[in-house]
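Welcome! Here is a short tour for anyone meeting this structure for the first time. Please have a look at it before reading on.

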There are 2 protein chains.
Amino acid sequence: MRKIEVIQNILEANETIASRNKRLLDKHRVCAINIMSAPGAGKTSLLLQTLVRLKSRLNIAVIEGDVASTVDAEKVQGEAKAVVQINTRNMPESCSLMAAMIEPALEDLALDDIDLLLIENVGNLICPSEFTLGEHKRVVISSLPEGDDKPIKYPLIFIDADVVIINKMDLLPHVDFDIATFCQSIAGLNPEAEVFQLCCKTGEGIGKWCSWILEQVGNNLPRNLV
Amino acid sequence: MRKIEVIQNILEANETIASRNKRLLDKHRVCAINIMSAPGAGKTSLLLQTLVRLKSRLNIAVIEGDVASTVDAEKVQGEAKAVVQINTRNMPESCSLMAAMIEPALEDLALDDIDLLLIENVGNLICPSEFTLGEHKRVVISSLPEGDDKPIKYPLIFIDADVVIINKMDLLPHVDFDIATFCQSIAGLNPEAEVFQLCCKTGEGIGKWCSWILEQVGNNLPRNLV
């Protein structure tokens with residue numbers, strides 16, 4: 001039982017810091033979106049597509065979470081207003097971003113000059129589901145080559161998602177993935193989730209996703225708190 | 001520092017149980033292989049291909065690790081001599097198999113009737129690298145759609161692997177993946193690792209992988225310990 005208590009304490013401490021992060025973001029009218037997926041599902045590609053299409057309309061900052069390397073931060077550097085890289089390799093919990101890692105990153109950003117903060121989490125379908133960061137919305141990307149059974153096998157991350165993205169739609173003729181089966185599983189776990197089908201490589205479906213982002217930035221800021 | 005100490009204790013406790021598991025496997029001349037990858041890279045497909053090709057020559061048992069569901073165990077049930085399902089969802093560390101989860105599974109198996117134990121770990125490129133299970137060999141699968149940068153971004157799991165498999169070779173014309181770049185990264189991290197290129201869907205390259213398995217079962221059992 002002792003180990004369970006320790007983990008409970010870590011989760012509670014995380015919630016406290018996440019609430020503090022959210023209050024700070026609200027104060028500065030920054031909408032924050034936590035983007036999660038398995039490794040290689042297309043988080044960085046989605047960031048790049050979003051930045052290219054929305055950078056003329058919004059001031060967008062990015063926090064890049066990776067176990068090691070700065071390859072993703074380098075890819076988005078030219079398109080974002082600001083980028084903060086977090087490497088989790090030598091941190092006690094290296095398998096997910098945690099609220100305590102986001103807190104100093106927020107101090108590094110000029111929050112008054114930012115409308116939208118996109119947070120790319122570490123590539124992992126399990127651990128990030130347990131740690132909120134202070135974000136306003138949670139997005140999970142599944143890609144076709146992973147198979148349509150992922151919601152059944154990794155349910156928690158899908159249950160808590162506001163949006164589920166099906167990426168790499170260009171590979172549909174080449175892989176065994178049944179869109180209806182996947183969508184049924186999502187509807188069973190989380191009927192409120194919005195599902196977008198898109199392809200970051202070809203740009204198919206990105207417009208609808210960007211409209212959703214604009215809606216969040218416009219509507220979801222709790223202006224009564226400012 | 002306290003949190004780091006707790007995690008250190010968990011890792012040390014895991015090592016002790018893993019050594020006990022390995023002694024038990026050696027006593028019964030069972031060769032155990034821990035198969036790890038990101039979600040959807042093809043662990044279950046590799047198991048199925050291996051079972052179909054080797055079940056007439058070896059007695060093969062399977063341990064299936066999943067956060068939730070029994071879909072993978074159901075897929076291999078007909079081909080393996082025995083299957084044990086471990087669901088980690090309600091366990092304190094749900095992001096990886098741990099040696100303490102394998103120990104009771106070994107008690108459930110008739111080890112004297114088994115030559116080869118294939119352990120399918122939870123789909124995750126981070127956490128399983130920290131927890132040995134008592135296995136003789138560690139295998140990591142990367143699949144082409146994930147991209148060729150995974151060794152740089154998730155180095156630890158590749159550093160400790162005996163074998164790295166590149167799966168879904170049939171998708172090479174449809175994705176951006178440079179085999180040479182990937183192999184260079186592996187050679188830099190872990191020059192001893194054997195690399196197999198294969199495709200579980202078409203069967204391409206599976207023969208070479210199965211020869212490697214037969215070699216492990218034949219040569220790697222420490223018969224002096226029996």
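## Around His28 of chain A

His28(A) sits in the loop between H1 and strand S1 (31-37) of chain A. Helices (H or I, at least four residues) and strands (E, at least two) are DSSP runs, numbered from the N terminus. Leaving aside residues up to four places away in sequence, His28(A) touches Leu111(A), Asp112(A) and Ile114(A), where contact means heavy atoms within 4.5 Å. His28(A) and Ala110(A) are 82 residues apart in sequence, with their C-alpha atoms 9.5 Å apart in space.

A word on the model itself: it is predicted, local features need pLDDT of at least 70, side-chain atom pairs count only at pLDDT 80 or more, and totals for chains, interfaces and linings use all residues. Residues are numbered from 1 along each chain as its sequence is written, chains are lettered from A and ligands numbered from 1 in the order in which they are written, and side-chain values use heavy atoms, with hydrogens and water left out.

## Lys27 of chain B

Over in chain B, Lys27(B) belongs to helix H1 (residues 2-27). Is Lys27(B) buried or exposed? Lys27(B) counts as exposed because its relative accessibility is 56%; buried means under 20% relative accessible area, exposed over 50%, and partly exposed in between (1.4 Å probe, protein chains only). From Lys27(B) to Leu111(B) is 84 residues in sequence and 9.3 Å in space, C-alpha to C-alpha.

## How the two chains are related

Chain A is superposed on chain B by a rotation of 180 degrees with 0.0 Å of shift along its axis (RMSD 0.0 Å). That is the relation of a two-fold axis. The same surface serves both copies, as 100% of the contact residues of chain A recur in chain B. The superposition is by least squares on the C-alpha atoms of residues with pLDDT of at least 70 in both copies.

## Where the chains meet

Here 45 residues of chain A are in contact with 45 residues of chain B. Together the chains bury about 3,400 Å², 62% of it on carbon and sulfur atoms; buried area is the accessible area (1.4 Å probe) that two parts lose on being put together, summed over both.

How many salt bridges are there between chain A and chain B? The count is six, a salt bridge being a side-chain nitrogen of Lys or Arg within 4 Å of a carboxyl oxygen of Asp or Glu. Lys75(B) forms a salt bridge with Asp149(A), their closest N and O atoms being 3.8 Å apart.
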